[in-house]
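Me: Please take me through how to read the features of this structure, one at a time.

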Amino acid sequence: LSPEYFESEACRNECLELAKQDITIIPINMGMPNMSGNFLGETPAEIKTANLLKLRIQNVLPPPDRGTFLDNWETNSKDLVIRIKELVSPELLPDTVVSCTSDARQAEEQLSA
């Protein structure tokens, strides 16, 4: 999520479709957009959409009081892997968290082990 995220019709539609299908959304904080009030507009459809998105977009990573995702890349990347692991069957992912600074081959080997 970023301040520009909901200004993009494509991003808005993508997020709305995920919310409608009840697909888990893991919002990454790249600078929180203002989601107060009727942030998408005043028509009944815009208000309904805004309310649905507010309901489905929770547990932002990192929380707004900890800055943006890029402010602490290493820690936030590890937190993201842990959050994904919680959503997916734990046996599908290794017990160790792969550092984002690891090379791709090493990460791939750990995942296939």
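Reply: Start with accessibility: a residue is buried under 20% relative accessible area, exposed over 50% and partly exposed in between, with a 1.4 Å probe and protein chains only. By that rule R66, at 42% relative accessibility, is partly exposed. This is a predicted model, in which local features need pLDDT of at least 70 and side-chain atom pairs count only at pLDDT 80 or more, while totals for chains, interfaces and linings use all residues. Residues are numbered from 1 along each chain as its sequence is written, and side-chain values use heavy atoms, with hydrogens and water left out.

Me: Which residue does the side chain of R66 meet in a salt bridge?
Reply: A salt bridge is a side-chain nitrogen of Lys or Arg within 4 Å of a carboxyl oxygen of Asp or Glu. Here the partner of R66 is D79, at 3.3 Å from N to O. The pair joins distant parts of the chain, 13 residues apart: R66 lies in the loop between α2 and α3 (73-87), and D79 in helix α3. Helices are DSSP runs (H or I, at least four residues), numbered from the N terminus. D79 is partly exposed, at 25% relative accessibility.

Me: How many salt bridges does a search of the whole structure find?
Reply: The search finds two. One of them is between R56 and D22, at 3.4 Å from N to O. This pair also links distant parts of the chain, with R56 in helix α2 and D22 in the loop between α1 and α2, 34 residues apart. D22 counts as exposed because its relative accessibility is 56%.

Me: How should I read the crossing of α1 and α2?
Reply: Axes are lines fitted to C-alpha atoms, for helices over the stretch in contact, and angles run from 0 to 180 degrees between N-to-C directions. The axes of α1 and α2 come within 10 Å and cross at roughly 70°. That makes α1 roughly perpendicular to α2 (under 35 degrees is roughly parallel, over 145 roughly antiparallel, 65 to 115 roughly perpendicular and the rest oblique). The crossing is left-handed, a term for a near helix turned anticlockwise from the far one by less than a right angle; clockwise is right-handed.

Me: Which residues of α1 and α2 make the contact?
Reply: Contact means heavy atoms within 4.5 Å. C15, L16, L18, A19 and K20 of α1 take part, with T49, L52, L53 and R56 of α2. L18 touches I23, I25 and R56, leaving aside residues up to four places away in sequence. The C-alpha atoms of L18 and L53 are 9.5 Å apart, although 35 residues separate the two along the chain. L18 is partly exposed, at 29% relative accessibility.

Me: What describes a pair of aromatic rings?
Reply: The distance of the centres and the angle of the planes describe it. Rings of Phe, Tyr and Trp (its six-membered ring) pair if their centres lie within 6.5 Å; planes under 30 degrees apart are stacked, over 60 edge-to-face and the rest tilted. The whole structure holds three aromatic pairs. One of them, F6 with F39, is edge-to-face, at 5.2 Å centre to centre and 65° between the planes. F6 is in the segment before α1 (9-20) and F39 in the loop between α1 and α2 (44-56), 33 residues apart. F6 is buried at 6% relative accessible area, and F39 is buried at 19%.

How values were computed: Helices (H or I, at least four residues) and strands (E, at least two) are DSSP runs, numbered from the N terminus.
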